[in-house]
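Hi everyone, thanks for coming.

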Amino acid sequence: AAGAAEITVELELGVGRTDNVGRVPDAAPFPPIEDTIYAAGIDVTLEQQSARMDVNVRGGFTRLNYDSSRYESESLPNLDGVAVFRLSEEVIRWFVQANVGQQTVDPFEAASPGNRQDVSYITTGPSLVIPISSRFFARADAWFSRVNYDSQPLDNERTGAQLRFARQINPTRSLSLNLRGEPYLMTVDEVAAMAAEASSRGATE
């Protein structure tokens with residue numbers, strides 16, 4: 001049926017063996033650790049298109065269990081989703097974009113069970129399209145974004161806006177002039193945390 005949602009579910013099971021689960025370098029003062037890793041996961045995909053919305057979401061999580069006692073079991077979520085809601089036909093839209101994944105805590109070290117954290121990002125806002133003539137139009141966008149780090153005090157919020165004047169050359173191409181602004185907002189504590197981390201890595205200015 002038109003506009004019906006399509007949902008796909010995938011289950012995953014696996015087991016693997018590694019001779020360096022911590023991914024330590026060859027010159028490390030301690031030897032690498034061998035380990036057996038058991039994995040179980042689920043992925044869900046949702047797609048829906050209708051006159052009022054377009055939704056495309058893929059998400060799930062993976063559970064990792066380590067045979068040795070060096071590392072605790074981990075649950076690794078993942079999400080990649082975009083939704084566009086048409087509030088007024090071809091004039092006013094509202095969009096939502098969300099991402100969840102993993103990132104290293106120490107960017108100078110390899111990703112490993114002891115060096116990764118969950119990072120989530122969401123942005124949302126309206127979009128307004130104003131027809132000027134058969135070939136010219138203006139578009140105004142505004143958005144609010146939020147980033148959350150699971151282990152580091154680097155959470156932050158962003159707001160922004162963009163104004164675009166465009167000429168439609170053909171159905172797939174256009175020429176535009178874009179004006180964009182996006183201030184970066186952080187609290188005093190977040191700035192202090194970043195400065196402390198930079199100092200711990202040897203920064204002096």
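Let's start inside. Five residues, Val 21, Leu 64, Tyr 66, Tyr 71 and Leu 76, make up the largest nonpolar core here. Before I go on, a quick reminder that what you're looking at is a predicted model.

Take Leu 64 from that core. Which residues does Leu 64 contact, once we leave aside its neighbours within four places in sequence? The list is Ile 37, Tyr 38, Ala 39, Ser 73, Glu 74, Leu 76 and Arg 116. Notice Leu 76 in there, which is another member of the core.

Two other core members are tyrosines, Tyr 66 and Tyr 71. A search of the whole structure turns up 1 aromatic pair. That pair is Tyr 66 with Tyr 71: their ring centres sit 5.9 Å apart and their planes meet at 55°, so we call the pair tilted. Are these two buried or exposed? Tyr 66 is buried because its relative accessibility is 9%, and Tyr 71 is buried too, at 18%. The cut-off to keep in mind is that buried means under 20%.

Okay, on to charges. Side chains of opposite charge can pair when their charged atoms come close. How many salt bridges does the structure hold? There are 8, and I'll show you some of them.

Have a look at Arg 146. One of its salt bridges is with Asp 155, where the closest N and O atoms are 3.8 Å apart. Asp 155 has 18% relative accessibility, so it counts as buried, while Arg 146 has 24% and counts as partly exposed. Arg 146 also forms a salt bridge with Glu 157, and there the closest N and O atoms are 3.2 Å apart. Glu 157 itself is partly exposed, at 33%.

Salt bridges can also share partners, and that's how Glu 10, Asp 43 and Arg 58 end up in one network. You'll find Asp 43 in strand S2, residues 35-49. With a relative accessible area of 12%, Asp 43 is buried. So what does Asp 43 touch, not counting residues up to four places away in sequence? Its contacts are Thr 8, Val 9, Glu 10, Glu 12, Arg 58, Gly 59, Gly 60 and Asn 78.

Last stop, the largest pocket, with a volume of about 350 Å³. It's lined by 14 residues, and the closest to its centre are Arg 93, Ser 127, Val 129, Arg 139 and Asp 141. Where does the lining come from? Strand S5 (92-103), strand S6 (117-131), S7 and S8 each supply at least two residues, and S7 gives the largest share, with 4 residues.

Now look again at Arg 139 and Asp 141 from that central group. They form a salt bridge with each other, with the closest N and O atoms 3.2 Å apart. Arg 139 counts as partly exposed, since its relative accessibility is 31%, whereas Asp 141, at 10%, counts as buried.

That's my tour. Over to you for questions!

Terms used
Residues are numbered from 1 along each chain as its sequence is written. This is a predicted model: local features need pLDDT of at least 70, side-chain atom pairs count only at pLDDT 80 or more; totals for chains, interfaces and linings use all residues. Side-chain values use heavy atoms; hydrogens and water are left out. A nonpolar core is a set of buried Ala, Val, Leu, Ile, Met, Phe, Trp, Tyr and Cys residues joined through side-chain atoms within 4.5 Å. Buried means under 20% relative accessible area, exposed over 50%, partly exposed in between (1.4 Å probe, protein chains only). Contact means heavy atoms within 4.5 Å. A salt bridge is a side-chain nitrogen of Lys or Arg within 4 Å of a carboxyl oxygen of Asp or Glu. Rings of Phe, Tyr and Trp (its six-membered ring) pair if their centres lie within 6.5 Å; planes under 30 degrees apart count as stacked, over 60 as edge-to-face and the rest as tilted. On a 1 Å grid over the protein atoms alone, a cavity is a set of points where a 1.4 Å probe fits but cannot get out, and a pocket is an open set with protein on both sides within 12 Å along at least five of seven lines; lining residues have an atom within 4 Å of a point. Grid points are joined across faces, edges and corners, and a volume is the space filled by probe spheres set on the points.
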